[in-house]
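Dear colleague,

Please find below the structure that I am handing over to you. My findings follow directly after it.

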Amino acid sequence: MAILPDADRQAVWADFMRALESGANITVTKTELRDAINAADDWIDLNAASYNLALPLPVRTSFTAKQKAKLLMWVIRRRFEVT
Amino acid sequence: MASGNTLYVWDATDGIPPATTPAGLDRRAGGSTPGESFIVYDFDAAADEFVDFRGIIPQNYAGGGFTLRIWWGATSATSGNTIWNAAFRAIEDDAEDIDAAHTYDFNAVTDAAPSLSGEYTAAVITFTDGADADNTGVGDPFILRIARDANNASDTMTGDAELLALELRET
């Protein structure tokens, strides 16, 4: 899996800002936020194989990449109470 | 009219969205019980967006130029700068065809976000009388177009900028 194209990272950055809640009191600039989007995508790319290996064999071998990503997304949603 | 006197006041609800790339009308809930409804226009942080306000220059305008105060706050940010743009389009008597394209000549101000999301501040843009305000004269209808220059590298504030109200004074 490759990192996201720049246009996709830009879209994530824009969508993230549009979804910020009123009164969130965000102290970082747009550039700093964009750097964080890039870093998160880089981290996913770097650790994708590690995540795959951490999954039990039945899921690892039967789920598609998209299903494995969805599984991770649901765990993160529950852990951090994000939607 | 004396310098500094108010010519016009617009609430966000007076804004007219242009046909494309308009800012979005939104309601920000106040903290009281029951909560107030602060109607604002949200200006995106990634793409330039616009809202128009209309008026007629009052008869007591004495030609001193215009000072526009843009009351705004941040949806979520507490730091960084927002660049506001403003420009006039005069609709002079039997002279301006609104079916024809008009090139808005924006004046700009860079303003720092209030220290808390939920606080508002006034950014100030001035126009000299004459061409700087598209020669908008006494009795002329006009459009005052407001924009956030979001794709400018110096616009650093994360998230939406909320336009609460405008005040137009004679300079």
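Predicted model: local features only at pLDDT ≥ 70, side-chain atom pairs only at ≥ 80, totals over all residues.

Pro18(B) sits in the loop that links strand 1 (6-11) to strand 2 (24-29) of chain B. Leaving aside residues up to four places away in sequence, Pro18(B) touches Phe50(B) and Asp52(B). Its distance to Gly31(B) is also worth noting: 13 residues separate Pro18(B) and Gly31(B) in sequence, and their C-alpha atoms are 31 Å apart in space.

Is Gly159(B) buried or exposed? Gly159(B) counts as buried, because 27 C-beta neighbours lie inside 10 Å. Gly159(B) also belongs to a loop, namely the one between strand 9 (141-148) and strand 10 (161-170) of chain B. In sequence, Gly159(B) and Glu49(B) are 110 residues apart, yet from C-alpha to C-alpha they are 13 Å apart in space. With residues up to four places away in sequence not counted, Gly159(B) touches residues of chain B, including Ala45(B), Ala74(B) and Thr75(B). Gly159(B) also touches Met17(A), Leu20(A) and Ile26(A).

**Chain B as a whole**

Chain B contains ten strands and zero helices, so that its pattern along the sequence reads β-β-β-β-β-β-β-β-β-β. Along the principal axes, the C-alpha atoms of chain B fill a box of roughly 45 × 30 × 25 Å. Of the 171 residues in chain B, 37% are buried. If one takes the contacts in chain B between residues at least 6 apart in sequence, 84% of them join residues at least 24 apart.

**Where the two chains meet**

**Chain A**

Chain A has four helices and zero strands, and its pattern along the sequence is α-α-α-α. A radius of gyration near 12 Å would go with a compact globule of 83 residues, but chain A has 15 Å. The C-alpha trace of chain A spans about 45 × 25 × 15 Å along its principal axes. Among the 83 residues of chain A, 8% count as buried.

The axes of helix 1 (residues 6-18) of chain A and helix 2 (residues 30-54) of chain A come within 10 Å and cross at roughly 125 degrees. Helix 1 of chain A and helix 2 of chain A are therefore oblique to each other, and their crossing is right-handed. Helix 1 of chain A takes part in this contact with Arg9(A), Val12(A) and Trp13(A). Helix 2 of chain A contributes Leu33(A), Arg34(A), Ile37(A), Asn38(A) and Asp41(A). By class, the residues in this contact between helix 1 and helix 2 of chain A are four nonpolar, one polar and three charged.

With kind regards

Note on methods:
Residues numbered from 1 in each chain as written. Chains lettered and ligands numbered in written order. Helix = DSSP H or I, 4+ residues; strand = E, 2+ residues; numbered from the N terminus. Buried ≥ 20, exposed ≤ 12 C-beta atoms within 10 Å, placed from the backbone. Contact = placed C-beta atoms within 7 Å. Axes fitted to C-alpha atoms, helices over the stretch in contact; angles between N-to-C directions. Parallel < 35°, antiparallel > 145°, perpendicular 65-115°, else oblique. Left-handed = near helix turned anticlockwise from the far one by under 90°. Nonpolar A, V, L, I, M, F, W, Y, C, P; charged D, E, K, R; others polar. Rg over C-alpha atoms; globule rule 2.2 N^0.38 Å.
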